[in-house]
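Good morning, and thank you for coming.

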Number of protein chains: 4
Amino acid sequence: MTDASKKSAALARPLTGIVVPMITPLINNDTLDNEGLERLIEHILKADVKALFILGTTGEGPSLSYSLRHQVIERTCRQVAERVPVLVGITDTSFTESINVARKAADLGAQGLVLAHPCYFPAAQCEIVDYVTDMAPKLPLDVFLYNMPSHTKLTFSPETVRKAAQIKGVVGLKDSSANMFYLHKVQVELRDRPDFTLLVGPEELLAETVLTGGHGGVNGGANMKPQLYVDLYNAAKARDFTKIQSLHDQVMDISSKIYSVGAHSSYLRGLKCALSCMGICSDALAQPFRPFGPEERKIIAKNVEQLGLKQ
Amino acid sequence: MTDASKKSAALARPLTGIVVPMITPLINNDTLDNEGLERLIEHILKADVKALFILGTTGEGPSLSYSLRHQVIERTCRQVAERVPVLVGITDTSFTESINVARKAADLGAQGLVLAHPCYFPAAQCEIVDYVTDMAPKLPLDVFLYNMPSHTKLTFSPETVRKAAQIKGVVGLKDSSANMFYLHKVQVELRDRPDFTLLVGPEELLAETVLTGGHGGVNGGANMKPQLYVDLYNAAKARDFTKIQSLHDQVMDISSKIYSVGAHSSYLRGLKCALSCMGICSDALAQPFRPFGPEERKIIAKNVEQLGLKQ
Amino acid sequence: MTDASKKSAALARPLTGIVVPMITPLINNDTLDNEGLERLIEHILKADVKALFILGTTGEGPSLSYSLRHQVIERTCRQVAERVPVLVGITDTSFTESINVARKAADLGAQGLVLAHPCYFPAAQCEIVDYVTDMAPKLPLDVFLYNMPSHTKLTFSPETVRKAAQIKGVVGLKDSSANMFYLHKVQVELRDRPDFTLLVGPEELLAETVLTGGHGGVNGGANMKPQLYVDLYNAAKARDFTKIQSLHDQVMDISSKIYSVGAHSSYLRGLKCALSCMGICSDALAQPFRPFGPEERKIIAKNVEQLGLKQ
Amino acid sequence: MTDASKKSAALARPLTGIVVPMITPLINNDTLDNEGLERLIEHILKADVKALFILGTTGEGPSLSYSLRHQVIERTCRQVAERVPVLVGITDTSFTESINVARKAADLGAQGLVLAHPCYFPAAQCEIVDYVTDMAPKLPLDVFLYNMPSHTKLTFSPETVRKAAQIKGVVGLKDSSANMFYLHKVQVELRDRPDFTLLVGPEELLAETVLTGGHGGVNGGANMKPQLYVDLYNAAKARDFTKIQSLHDQVMDISSKIYSVGAHSSYLRGLKCALSCMGICSDALAQPFRPFGPEERKIIAKNVEQLGLKQ
């Protein structure tokens with residue numbers, strides 16, 4: 001490994017550009033698709049993405065056994081080999097298990113952590129501030145907050161983000177609320193903190209996030225077509241509206257043709273099915289999800305073709 | 001241990017009467033209050049309760065590290081010594097970790113399991129049915145479903161309960177929805193299954209649950225005053241309305257004077273604070289919760305006195 | 001009209017027994033089915049019900065034009081001829097229009113009013129208390145509060161009910177939350193007010209409402225089979241559990257066979273379709289609802305037969 | 001009135017720029033502040049706004065009596081004198097009353113209508129499509145759909161918007177969901193309909209709405225400082241990012257200093273209080289709201305000063 005590659009694995013402050021919330025290729029609920037994982041990483045790293053985020057929502061992190069989570073971290077870090085930073089999701093119902101995964105992540109060579117609210121128990125904002133205050137000093141790596149109200153049913157209020165941003169080791173926020181009003185309120189709270197990273201989850205909001213001062217996107221579609229999201233990020237940075245419009249349209253097409261098929265759990269099932277149709281990895285999902293049946297797969301296969309995802 | 005005591009640890013079909021969702025006495029986030037646990041178990045078992053349910057919501061199960069959960073199971077089973085069945089909460093974000101806890105529970109001498117939805121990922125009803133169908137054969141003990149929409153944001157629909165009830169090893173439902181209409185719809189679906197246990201969570205609904213055909217209650221207040229809930233169950237079984245009214249009034253008084261103090265997370269903080277004021281165990285809570293401060297503690301102490309909880 | 005009949009139209013304190021939330025028979029969105037209305041009222045009044053409640057949720061009150069609401073009040077009061085009290089729903093987005101309907105109701109001979117939260121604007125509990133405090137003195141008749149969170153997205157908190165109960169002219173609460181825990185908290189707040197009426201909306205909870213101290217039910221099914229609900233009320237009052245079980249089972253059968261057909265808006269469409277199959281009135285609904293199509297109507301017709309609703 | 005002024009009152013297709021959701025100046029719940037209304041309209045029309053929208057959410061439309069709504073329409077149309085189009089909110093619980101207000105609006109000289117879901121009854125998407133399909137032909141003026149999930153608890157799904165856009169007379173959508181992902185999905189559905197107006201409600205999203213292809217904003221803050229929103233719209237159209245950033249910051253400052261004061265109902269109370277501090281009109285609100293007390297008013301007065309709203 002060269003010094004140059006090592007440098008690229010350090011976490012920039014702020015972290016700008018495209019972070020890829022990597023899916024976890026599985027053979028079944030408890031078995032990693034190792035070859036699929038290698039192919040997927042190499043596929044993604046062809047583009048100039050700025051980090052991999054593993055074991056997040058798109059990575060089905062909370063659904064995997066700890067033994068499998070360790071494997072995912074170990075294999076990913078080895079394969080990435082510090083070409084980009086690896087961020088590891090440590091969201092858990094248990095404070096202590098979050099720290100356990102964090103330590104494993106540091107041992108295995110990851111560069112950062114991502115922490116949503118403790119799911120299960122509803123907590124008040126003051127309890128959330130205390131939670132982060134207590135956890136950060138115990139974490140061996142820098143940590144991003146992960147605002148994911150659709151799954152945790154809680155929100156880091158803008159004021160809570162401001163307080164948490166003052167804690168050593170808390171370096172950014174990944175917001176998956178799809179609520180730009182929320183993001184702007186957070187930006188107001190953090191006007192004096194240009195080093196604090198603000199990333200937005202839904203790829204459908206990438207253009208405006210960058211246009212209005214956000215640092216980048218955490219975009220699931222980059223598992224399939226990483227260059228598209230890098231290009232859109234760059235176009236938005238350059239304020240090239242002709243390109244923005246055309247690339248944003250492609251992002252919306254992926255959204256409607258890959259993530260909206262089937263009656264339920266369409267995003268994850270569609271994304272994994274597409275990657276399977278592209279020959280990258282298996283479409284197996286961890287419990288409680290199941291792959292699409294033949295009917296939906298046929299639709300996805302046709303749309304993959306039509307969207308030019310298969311190359 | 002006599003044969004008689006052994007017999008009482010077998011799970012009745014249906015299980016009737018009062019099940020105690022035991023709090024977990026803690027010294028801090030990762031340390032069990034062993035003496036408190038022993039005192040608490042002996043305090044509870046003075047009354048004719050029908051089972052202990054550990055590591056549920058009241059037991060803060062999902063907040064504890066696995067190592068601590070194993071200790072809770074081990075210590076509880078040892079102390080109870082089969083005087084009543086011990087039920088163990090195995091709710092988790094991960095299918096495999098639920099099974100891991102279940103196996104530990106069986107090894108350590110527990111008699112049954114309790115399973116809520118996988119929290120974190122929203123799942124469709126068909127996915128929930130599959131989840132239970134896949135898990136039940138892997139569980140070493142009988143399992144109760146645990147309907148807890150306020151925490152999991154999902155519900156076992158009445159039709160899903162009917163389907164799940166046909167799976168070998170699924171023996172009952174604990175409903176904490178506080179929605180009796182829901183319970184009655186479940187009862188309609190299970191008219192031909194008098195062996196399938198239906199228990200209701202909020203103690204404020206114990207009387208009517210039993211009066212309208214439910215099998216019993218899973219009542220947090222029984223940590224403090226187990227005899228009260230046993231008496232109310234018996235009065236409801238006997239349809240002694242004079243007693244029912246007076247005992248239900250006491251239950252409501254505990255509800256308003258112990259569970260409604262403080263601005264947030266009042267149930268768990270109030271319950272543990274009361275047990276601490278009663279000299280039974282520490283009031284420490286697992287993350288993300290904190291014990292009441294001196295002001296709220298003063299109110300609880302006064303109310304404990306007034307309610308005659310301290311004896 | 002005899003003195004006796006006049007007496008029965010006065011509002012008892014508390015009002016006990018079965019109140020019928022009458023559907024509004026329509027020919028189309030703006031036209032009353034006058035003959036249907038007459039038949040329906042006579043059908044209902046064969047049983048010993050204690051009041052008619054018109055222009056509530058079941059009566060589609062908020063969907064009707066004011067001119068049509070006036071007709072419903074006028075025709076109903078004339079037909080009922082003080083055999084029972086007529087309660088009129090005055091829920092509105094506008095404070096002043098609620099009062100306008102209330103005055104019309106008094107002029108046309110109604111005996112009481114029913115008021116939910118002002119729908120549309122979310123209001124804080126203190127604003128709700130002020131709202132009722134300001135409105136009550138302007139109302140010409142006694143008023144029941146109407147807790148209907150599924151439609152107004154607001155709740156009268158138990159404390160708000162206690163405060164409102166101190167206002168002159170506020171005589172009771174109709175709770176349609178399906179949450180018996182809520183009802184018990186309200187009962188605690190009103191322990192010293194045996195005159196304040198507590199009625200519960202979902203008929204599936206009639207038995208336990210009466211068994212645990214509620215005063216009666218506001219039961220939509222009584223449009224079809226009023227005697228069933230009167231009998232269940234009486235059985236619950238008499239604590240005759242053999243009768244309660246059998247009658248409650250019939251109520252649940254109506255619930256699952258009439259109110260659960262079709263993909264959406266099943267309660268109102270099912271209820272009106274059943275009344276149409278019974279030959280009582282048209283199945284037309286006000287906007288935004290439409291009657292069942294032939295497929296669902298066939299199912300309802302069969303179920304009406306099977307449930308013995310057609311006599 | 002000149003021809004030129006008449007022309008400006010015709011509704012452009014699409015309607016672009018800033019539409020002002022005018023507050024309704026009140027003396028009390030049932031009395032219009034006529035002088036305040038005149039001052040407010042003249043204050044607003046100093047800037048190049050493209051329409052006034054009266055009786056919307058900001059205008060407290062659903063809270064006002066019909067008689068008062070008629071006065072607001074009449075006075076506004078007279079004062080505006082076709083200098084800009086006047087759009088009238090016709091949202092109602094009753095289909096027929098919506099049409100009644102619409103007819104009055106046309107008679108009194110308004111140019112367009114705005115229709116949210118029928119509040120109160122939850123309706124399915126197919127019912128909403130039918131609702132609009134049935135209503136549009138009965139309306140004397142073009143109508144905008146009004147997506148307002150926080151108040152109606154319903155959403156026009158992107159597919160529903162596409163269907164509704166095919167109905168004659170339905171000319172646009174005002175989206176107040178604060179969800180740009182939703183807006184982009186609507187844009188995908190309407191790619192072939194550049195004439196269909198897409199406006200966004202929260203002013204905090206004005207910049208990105210225009211940058212990503214929306215036609216303009218419906219911005220409450222324009223009651224106070226119309227030129228700011230016109231300038232931001234123009235800067236976004238011109239893609240002048242230096243100006244955008246500075247103007248967007250001012251918009252966010254108004255948001256945090258005027259709309260976030262007090263414990264509840266902060267937007268409307270803050271906005272009217274600020275207008276009162278600016279000497280434009282009274283701060284009276286319709287039921288169920290009340291003006292701020294002296295403490296909050298002091299904060300608003302200071303913030304009005306600091307934000308340079310008083311000139």
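I begin with a pair of charged residues in chain D. Asp92(D) forms a salt bridge with Arg69(D), and the closest N and O atoms are 3.7 Å apart. This pair links distant parts of the chain, for Asp92(D) lies in the loop between β5 (86-89) and α4 (95-107) of chain D, whereas Arg69(D) belongs to helix α3 of chain D, 23 residues apart. Are these two residues buried or exposed? Both Asp92(D) and Arg69(D) are buried. Please bear in mind throughout that this is a predicted model.

For those new to the subject, side chains of opposite charge can pair when their charged atoms come close. Over all chains, the count comes to 64 salt bridges.

A second example is found in chain C. There, Glu60(C) forms a salt bridge with Lys272(C), with 2.6 Å between the closest N and O atoms. Glu60(C) sits in the loop between β4 (51-54) and α3 (66-80) of chain C and Lys272(C) in helix α12 (residues 266-277) of chain C, so the pair ties together parts that are 212 residues apart in sequence. Why does Glu60(C) count as buried? Its relative accessibility is 0%, and buried means under 20% relative accessible area. Lys272(C) also counts as buried, at 0% relative accessibility.

The side chains of Glu60(D) and Lys272(D) meet in a salt bridge at 2.6 Å, N to O. Here Glu60(D) lies in the loop between β4 (51-54) and α3 (66-80) of chain D and Lys272(D) in helix α12 (residues 266-277) of chain D, so that distant parts of the chain, 212 residues apart, are linked. Glu60(D) is buried, with a relative accessible area of 0%, and Lys272(D) counts as buried at 0% relative accessibility.

Salt bridges may also form a group. In chain A, a network of salt bridges links Glu159(A), Arg162(A), Lys163(A) and Glu189(A).

I turn now to the strands. In chain B, eight strands close into a barrel in the order β1-β4-β5-β6-β7-β8-β9-β10, and their pairing is parallel. From one strand to the next, the twist averages 25°. Within this chain, strand β6 (residues 112-115) and strand β7 (residues 142-147) pair in the parallel sense over four bridges. Which residue of β7(B) is the bridge partner of Leu115(B)? The partner is Leu145(B).

Let us examine strand β6 in chain A, which comprises residues 112-116. This strand is mostly covered, and five of its five residues are buried. Gly112(A), Val114(A) and Ala116(A) point one way from β6(A), while Leu113(A) and Leu115(A) point the other way. On one side, β6(A) pairs with strand β5 (residues 86-89) of chain A in the parallel sense over three bridges. In β6(A), the bridge partner of Gly89(A) is Val114(A). Between these two strands the chain crosses from β5(A) through helix α4 (residues 95-107) of chain A to β6(A), and this β-α-β crossover is right-handed.

β6(A) also pairs with strand β7 (residues 142-147) of chain A, in the parallel sense over five bridges. In β7(A), Tyr146(A) is the bridge partner of Ala116(A). Together, β6(A), helix α5 (residues 125-135) of chain A and β7(A) make a right-handed β-α-β unit.

The next topic is how the chains meet. The size of an interface is often given as the accessible area lost when the parts come together. Chain B and chain A bury about 3600 Å² between them, 60% of it on carbon and sulfur atoms. Their contact takes 42 residues from chain B and 42 residues from chain A. How many salt bridges are counted between chain B and chain A? The count is four, and Arg290(A) and Asp130(B) meet in a salt bridge of 3.5 Å, N to O.

For chain C and chain D, the buried area is about 3600 Å², with 60% of it on carbon and sulfur atoms. Here too a count of four salt bridges is found between the chains, and the side chains of Arg290(C) and Asp130(D) meet in a salt bridge at 3.5 Å, N to O. By contrast, chain A and chain C do not touch, and their nearest C-alpha atoms are 15 Å apart.

Tyr120(D) is buried, with a relative accessible area of 5%. The residues that Tyr120(D) touches include Thr57(C), Pro62(C), Tyr146(C) and Thr93(D). Thank you for your attention.

Definitions and conventions
Residues numbered from 1 in each chain as written. Chains lettered and ligands numbered in written order. Predicted model: local features only at pLDDT ≥ 70, side-chain atom pairs only at ≥ 80, totals over all residues. Heavy atoms only, no water. Pairing = 2+ DSSP bridges. Axes fitted to C-alpha atoms, helices over the stretch in contact; angles between N-to-C directions. Buried < 20%, exposed > 50% of the residue type's maximum accessible area, 1.4 Å probe, protein only. Right-handed = clockwise from strand over helix to strand, strands pointing away. Contact = heavy atoms within 4.5 Å. Buried area = accessible area lost by both parts, 1.4 Å probe. Lists of a residue's contacts leave out its neighbours within four places in sequence.
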